[in-house]
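Have a look at the model below. How do its helices pack, and what lines its main pocket? The report takes these topics in turn.

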Amino acid sequence: MTSQMVTLRTPDLQWWLDHLDTAFAPDVSVDLFVGVLKRRSVKGPEAAAVATAQLFLRLIYAHPFSSIGDLVNHISSIGTKLSKAVPRELAVRNMARRVIGIIREEAENNGMGDLFQAALETGIPSGFSCSSEECR
(Lines give C-alpha, C1' and ligand atoms only; values in the text may rest on other atoms or scores of the structure.)
Protein backbone atom coordinates (compact mmCIF):
# COMPACT_ATOMS: atom_id res chain seq x y z
CA MET A 1 0.00 0.00 0.00
CA THR A 2 1.38 3.39 -0.93
CA SER A 3 0.98 6.38 1.24
CA GLN A 4 -0.27 9.57 -0.23
CA MET A 5 1.01 12.87 0.94
CA VAL A 6 -1.72 15.36 1.71
CA THR A 7 -0.86 19.02 1.73
CA LEU A 8 -2.97 21.17 4.02
CA ARG A 9 -3.18 24.80 3.11
CA THR A 10 -4.45 27.58 5.33
CA PRO A 11 -7.02 29.66 3.46
CA ASP A 12 -5.65 33.02 2.42
CA LEU A 13 -6.38 35.46 -0.39
CA GLN A 14 -4.72 33.31 -3.06
CA TRP A 15 -6.60 30.23 -1.86
CA TRP A 16 -9.87 32.17 -2.06
CA LEU A 17 -9.15 33.41 -5.59
CA ASP A 18 -8.24 29.88 -6.66
CA HIS A 19 -11.52 28.62 -5.18
CA LEU A 20 -13.48 31.21 -7.15
CA ASP A 21 -11.74 30.17 -10.37
CA THR A 22 -12.11 26.43 -9.90
CA ALA A 23 -15.01 25.57 -7.60
CA PHE A 24 -17.36 28.57 -7.49
CA ALA A 25 -20.96 27.80 -6.54
CA PRO A 26 -22.95 30.91 -5.52
CA ASP A 27 -24.56 29.83 -2.24
CA VAL A 28 -21.74 27.55 -1.15
CA SER A 29 -19.08 30.15 -1.92
CA VAL A 30 -20.87 32.87 0.05
CA ASP A 31 -21.11 30.60 3.10
CA LEU A 32 -17.49 29.54 2.64
CA PHE A 33 -16.38 33.18 2.43
CA VAL A 34 -18.31 33.99 5.62
CA GLY A 35 -16.33 31.22 7.32
CA VAL A 36 -13.06 32.49 5.88
CA LEU A 37 -13.84 35.98 7.15
CA LYS A 38 -14.85 34.75 10.62
CA ARG A 39 -11.59 32.83 10.95
CA ARG A 40 -9.70 35.95 9.78
CA SER A 41 -7.95 33.88 7.14
CA VAL A 42 -8.02 36.81 4.72
CA LYS A 43 -6.00 39.39 6.59
CA GLY A 44 -5.97 43.13 6.10
CA PRO A 45 -8.35 45.55 4.45
CA GLU A 46 -6.81 45.34 0.99
CA ALA A 47 -7.04 41.54 0.84
CA ALA A 48 -10.59 41.65 2.23
CA ALA A 49 -11.60 44.21 -0.39
CA VAL A 50 -10.11 42.19 -3.26
CA ALA A 51 -11.70 38.96 -2.04
CA THR A 52 -15.09 40.63 -1.58
CA ALA A 53 -14.98 42.34 -4.98
CA GLN A 54 -14.11 39.06 -6.70
CA LEU A 55 -16.99 37.33 -4.93
CA PHE A 56 -19.44 40.04 -6.00
CA LEU A 57 -18.14 39.86 -9.57
CA ARG A 58 -18.82 36.12 -9.71
CA LEU A 59 -22.21 36.46 -7.99
CA ILE A 60 -23.42 39.14 -10.40
CA TYR A 61 -22.24 37.13 -13.38
CA ALA A 62 -23.81 33.88 -12.14
CA HIS A 63 -27.20 35.16 -10.97
CA PRO A 64 -29.88 36.11 -13.51
CA PHE A 65 -31.48 39.38 -12.40
CA SER A 66 -34.92 40.41 -13.58
CA SER A 67 -34.64 44.01 -12.39
CA ILE A 68 -32.32 46.56 -10.85
CA GLY A 69 -34.18 46.12 -7.57
CA ASP A 70 -33.46 42.40 -7.59
CA LEU A 71 -29.76 43.07 -8.19
CA VAL A 72 -29.57 45.74 -5.46
CA ASN A 73 -31.41 43.48 -3.01
CA HIS A 74 -29.08 40.57 -3.72
CA ILE A 75 -25.89 42.59 -3.34
CA SER A 76 -27.22 44.31 -0.20
CA SER A 77 -28.22 41.07 1.47
CA ILE A 78 -24.85 39.47 0.72
CA GLY A 79 -23.10 42.64 1.94
CA THR A 80 -25.08 42.50 5.18
CA LYS A 81 -24.22 38.84 5.68
CA LEU A 82 -20.51 39.47 5.07
CA SER A 83 -20.33 42.58 7.25
CA LYS A 84 -21.99 40.70 10.12
CA ALA A 85 -19.27 38.06 9.83
CA VAL A 86 -16.55 40.67 10.44
CA PRO A 87 -18.12 43.88 11.72
CA ARG A 88 -14.74 45.54 12.31
CA GLU A 89 -13.51 45.00 8.76
CA LEU A 90 -14.87 48.08 7.00
CA ALA A 91 -13.44 47.09 3.61
CA VAL A 92 -16.07 44.37 3.18
CA ARG A 93 -18.99 46.74 3.76
CA ASN A 94 -17.37 49.48 1.70
CA MET A 95 -16.89 47.10 -1.21
CA ALA A 96 -20.60 46.24 -1.14
CA ARG A 97 -21.40 49.95 -1.21
CA ARG A 98 -19.01 50.53 -4.09
CA VAL A 99 -20.60 47.73 -6.10
CA ILE A 100 -24.03 49.26 -5.51
CA GLY A 101 -22.55 52.62 -6.54
CA ILE A 102 -21.32 51.13 -9.80
CA ILE A 103 -24.76 49.65 -10.41
CA ARG A 104 -26.21 53.13 -9.80
CA GLU A 105 -23.81 54.74 -12.28
CA GLU A 106 -24.64 52.17 -14.93
CA ALA A 107 -28.35 52.62 -14.33
CA GLU A 108 -28.04 56.39 -14.70
CA ASN A 109 -25.91 56.04 -17.84
CA ASN A 110 -28.59 53.82 -19.37
CA GLY A 111 -31.43 56.17 -18.43
CA MET A 112 -32.71 54.00 -15.58
CA GLY A 113 -31.72 56.23 -12.65
CA ASP A 114 -35.34 56.44 -11.46
CA LEU A 115 -35.58 52.64 -11.29
CA PHE A 116 -32.38 52.50 -9.25
CA GLN A 117 -33.61 55.19 -6.86
CA ALA A 118 -36.90 53.32 -6.35
CA ALA A 119 -34.98 50.09 -5.71
CA LEU A 120 -32.71 51.86 -3.26
CA GLU A 121 -35.63 53.34 -1.31
CA THR A 122 -37.68 50.15 -1.09
CA GLY A 123 -35.33 47.25 -1.61
CA ILE A 124 -32.42 47.59 0.81
CA PRO A 125 -32.74 45.07 3.66
CA SER A 126 -32.57 46.32 7.22
CA GLY A 127 -29.08 46.33 8.65
CA PHE A 128 -27.51 47.58 5.45
CA SER A 129 -27.79 51.30 4.95
CA CYS A 130 -26.72 52.86 1.72
CA SER A 131 -28.07 56.28 0.89
CA SER A 132 -27.71 57.89 -2.52
CA GLU A 133 -24.66 59.83 -1.34
CA GLU A 134 -22.93 56.77 0.14
CA CYS A 135 -23.47 54.64 -2.94
CA ARG A 136 -21.56 56.95 -5.26
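## Helix packing and a pocket

P26, S29, V30 and F33 in helix 2 meet A51, T52, L55, L59 and A62 in helix 3. Contact here means heavy atoms within 4.5 Å. Helices (H or I, at least four residues) are DSSP runs, numbered from the N terminus. By class, the residues of this contact divide into 7 nonpolar, 2 polar and no charged. Nonpolar means Ala, Val, Leu, Ile, Met, Phe, Trp, Tyr, Cys or Pro; charged means Asp, Glu, Lys or Arg; the others, Gly among them, count as polar.

This is a predicted model: local features need pLDDT of at least 70, side-chain atom pairs count only at pLDDT 80 or more, and totals for chains, interfaces and linings use all residues. Residues are numbered from 1 along each chain as its sequence is written, and side-chain values use heavy atoms, with hydrogens and water left out.

Two packed helices are described by the angle between their axes and the distance between the axes. Axes are lines fitted to C-alpha atoms, for helices over the stretch in contact, and angles run from 0 to 180 degrees between N-to-C directions.

| Helix pair | Angle | Axis distance |
|---|---|---|
| Helix 2 (26-38) and helix 3 | about 165 degrees | 10 Å |
| Helix 1 (13-22) and helix 2 | roughly 175 degrees | within 12 Å |
| Helix 3 and helix 4 (68-85) | roughly 145 degrees | within 11 Å |

Helix 2 and helix 3 pack at about 165 degrees. That makes helix 2 roughly antiparallel to helix 3, a term for angles over 145 degrees. Helix 2 passes helix 3 in a left-handed crossing (the near helix is turned anticlockwise from the far one by less than a right angle; clockwise is right-handed).

Helix 1 and helix 2 are also roughly antiparallel to each other. W15, W16 and H19 in helix 1 meet S29, L32, F33 and V36 in helix 2. That contact has 5 nonpolar, 2 polar and no charged residues.

Helix 3 and helix 4 make a right-handed crossing. T52, L55, F56, L59 and I60 of helix 3 touch L71, I75, I78, G79 and L82 of helix 4.

Now the pocket. The largest pocket is lined by A53, F56, L57, I60, M95, V99, I102 and I103. A pocket is an open set of points on a 1 Å grid over the protein atoms alone, where a 1.4 Å probe fits, with protein on both sides within 12 Å along at least five of seven lines; lining residues have an atom within 4 Å of a point. The lining divides into 8 nonpolar, no polar and no charged residues.

Definitions and conventions. Helices (H or I, at least four residues) and strands (E, at least two) are DSSP runs, numbered from the N terminus. Angles under 35 degrees count as roughly parallel, over 145 as roughly antiparallel, 65 to 115 as roughly perpendicular and the rest as oblique.
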